Amino acid sequence: MASKKGVLAVGGIVTAVAAYYYLKPSSCPKKMVDQATLSKLEAGFQKLQNAQDCHSLLKKYLTRDVLDQLKTKKTDMGATLLDVIQSGVENLDSGVGIYAPDAQSYKTFAALFDPIIDDYHKGFKPTDKHPQTDFGNIEHFVNVDPKNEYVISTRVRCGRSLKGYPFNPMLTEAQYKEMETKVKGQLATFEGELKGTYYPLLGMDKATQQKLIDDHFLFKEGDRFLQAANACRYWPVGRGIFHNDKKTFLMWVNEEDHLRIISMQKGGDLKEVFGRLVKAVKHIEQKIPFSRDDRLGYLTFCPTNLGTTIRASVHIKLPKLAADRKKLEEVAARYNLQVRGTAGEHTESVGGIYDISNKRRMGLTEYQAVKEMQDGIIELIKMEKSL
């Protein structure tokens, strides 16, 4: 089967010649962007321009000048501008509308990515540089609600990509399998509270599937935005879920990102939740290097999830503050917090419970991002008590 990158996989074995060129992309003569792709780019651009109800960042920043500047470019792995924008062209209701087919895309197509990153992250200019990784001193974190009066649960997650591999649209079936094997090998070395079980999606029996659904752990095949980005090929090959025995640590393999690493538990003990995440990330990285850029930080498939990639959140009841959601969001914004319904972005509260998380992921360290969330939640609880 010939992949987009011209790597020939026969029975899962990559031929020596193709492997040589894949590993040394710079030694391959760069192919020109074909006329069919150029025609699709032009049609996509016109579709965006004519769409009155489209308010995506893609439409805002894909000007004629930017299109002409980028339309003939390709990354070493073969990604084109069409791979970047195809989801936003097909889904005109996208908020952002672009994905990175591989790590190099952030540089090759910087004329489009940079202004979108700056806009979405509320100020991260092309001259800005994300700081080095710093998880800080875990002892500085606390239980934000020791009496269990307000916080239902606490969760901290981050995304990671394996160095040397493209992102979903460019991955071959053989690469999906190879990545899963590497990750499974390292997960098997977890000890203590992180020790657990890996469940591959391929060949999963109904009983296991139902168990994971009941635990709210099982992810489904990608939504229409990911489908349009060509991010769901070979499903469910190479995909799987790991969780520890206590069900307080979870990892998704090759869903949207190569790795989505999640630590969670009931109550408000942020110190314990964040500490567990840091321990897991450091252990995985011992054998599996992650894709990181000196300027943008950790690189993932979606430009909304760069830098620290950390989202620290609580499910919390604040009945007095939340009597007026607009007011709650205004107060949360003062502390750089984002308010969502418990079913995700743009959803409503269920039973008066909200999902509140750190808003900033770029331009600050992991420690600062989680500390910002901790300090903001403590202040919101203080305000709720005072009303």
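The model is predicted: local features need pLDDT of at least 70, side-chain atom pairs count only at pLDDT 80 or more, and totals for chains, interfaces and linings use all residues. Residues are numbered from 1 along each chain as its sequence is written, and side-chain values use heavy atoms, with hydrogens and water left out.

Student: How many helices and strands does the chain have?
Tutor: Helices (H or I, at least four residues) and strands (E, at least two) are DSSP runs, numbered from the N terminus. On that basis, the chain comes to 13 helices and 12 strands.

Student: Is Thr365 buried or exposed?
Tutor: Thr365 sits in the loop between strand S12 (353–358) and helix H13 (366–386). Buried means under 20% relative accessible area, exposed over 50%, and partly exposed in between (1.4 Å probe, protein chains only). Because its relative accessible area is 11%, Thr365 is buried.

Student: Which residues does Thr365 touch, not counting those up to four places away in sequence?
Tutor: Contact means heavy atoms within 4.5 Å. With residues up to four places away in sequence set aside, Thr365 touches Pro131, Gln132, Asp134 and Thr308.

Student: Which elements do the buried residues of H11 pack against?
Tutor: Helix H11 covers residues 270–285, and its buried residues include Leu270, Phe274 and Ile284. These buried residues of H11 pack against strand S3 (151–160), helix H8 (173–187), strand S6 (249–253), strand S7 (259–266) and H13.

Student: What share of the residues in the chain is buried?
Tutor: The chain has 387 residues. Of these, the buried residues make up 53%.

Methods:
Expected span 1.5 Å × (residues − 1).
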